[in-house]
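Let's take a walk through this model together, with the sequence and the 3D view side by side. Please have both open before reading on.

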Amino acid sequence: MPPVVPPFLIGLIAVPLAKRLLKPLVRGVVTTSVGVVLEVKKAVHAAGENINDLAAEVAADVMATQITSADGHLPNEGAASKDKADDRVESESRSPKIRTSTSAGKTQ
C-alpha cells in the first residue's frame, strides 16, 4: 500500500510553487492589457478629433455657400442661366437653413 500524504501537505508545497510561477505570468498579462487599453484610448481620441475637424470643415463650407448665395453670387455663376433670380430662389430652397447665432439663455 502506498504511503498516504495528507492533502494539506500537498497544498503547503504546491501553493508557493504556483505563486512563483503564476505571479510573473499574471503580471505580464495585466501589463500588456493596460498597454493595449491605453493605445486604444489614444486611437479613439485621435479619431474623435478627426471627426470634429471634418464636421467643422463641412459646417464652414455650408456657411460659406449660404453667405455667397445670400449675397447673390452663386457658386455656378460662370454657367449660362436663363433667369438668375429663379436660380437663386431654387438654390435657397434646396440648401439647409442653419442659424449662425445661438442664445445661451437670458442674462439679467
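Does Lys42 count as buried, partly exposed or exposed, and what is its relative accessibility? Lys42 counts as exposed, because its relative accessibility is 54%, and the cut-off for that class is over 50%. Keep in mind throughout that this is a predicted model.

Glu39 forms a salt bridge with Lys42, and their closest N and O atoms are 3.8 Å apart. Searching the whole structure turns up 1 salt bridge. The two residues are 3 residues apart in helix α1, so about one helical turn separates them. As background, an α-helix has 3.6 residues a turn, so residues three or four places apart point the same way.

Now step back to the helix itself. The protein has 2 helices and 0 strands, and α1 covers residues 7–70. With its 64 residues, α1 reaches 88 Å from its first C-alpha to its last, which is close to the 94 Å expected at 1.5 Å a residue. If you follow α1 along its course, you will find a kink of about 30 degrees at Leu22, shortly before the proline Pro24.

Leu22 also belongs to a feature of the surface. Together with Leu21, Leu25, Val26, Val29, Val30, Val34 and Leu38, Leu22 makes a nonpolar surface patch of about 760 Å². One member to pick out is Val26, which sits in helix α1. Val26 counts as partly exposed because its relative accessibility is 49%, just where the class between 20% and 50% applies.

Of its 108 residues, 3% count as buried.

So where might you look for a buried residue? Ser69 counts as buried because its relative accessibility is 7%, and the cut-off is under 20%. A polar atom of the Ser69 side chain lies 3.0 Å from the backbone oxygen of Gln66.

At 31% relative accessibility, however, Thr68 counts as partly exposed, whereas Ser69 counts as buried.

How values were computed: Residues are numbered from 1 along each chain as its sequence is written. This is a predicted model: local features need pLDDT of at least 70, side-chain atom pairs count only at pLDDT 80 or more; totals for chains, interfaces and linings use all residues. Side-chain values use heavy atoms; hydrogens and water are left out. Helices (H or I, at least four residues) and strands (E, at least two) are DSSP runs, numbered from the N terminus. Buried means under 20% relative accessible area, exposed over 50%, partly exposed in between (1.4 Å probe, protein chains only). A polar contact is a pair of N or O atoms within 3.5 Å; within protein, one must be able to donate a hydrogen and the other to accept it, and residues adjacent in sequence count only if both atoms are side-chain atoms. Patches are made of residues with over 30% relative accessible area and no salt bridge: like charges are joined within 9 Å, nonpolar side chains (Val, Leu, Ile, Met, Phe, Trp, Tyr) within 5 Å. Accessible areas come from the Shrake-Rupley method with a 1.4 Å probe; for residues, only the protein chains shown count as cover. A salt bridge is a side-chain nitrogen of Lys or Arg within 4 Å of a carboxyl oxygen of Asp or Glu. The expected span of a helix is 1.5 Å times one less than its number of residues. The bend at a residue is the angle between axes fitted to the seven residues ending there and the seven starting there.
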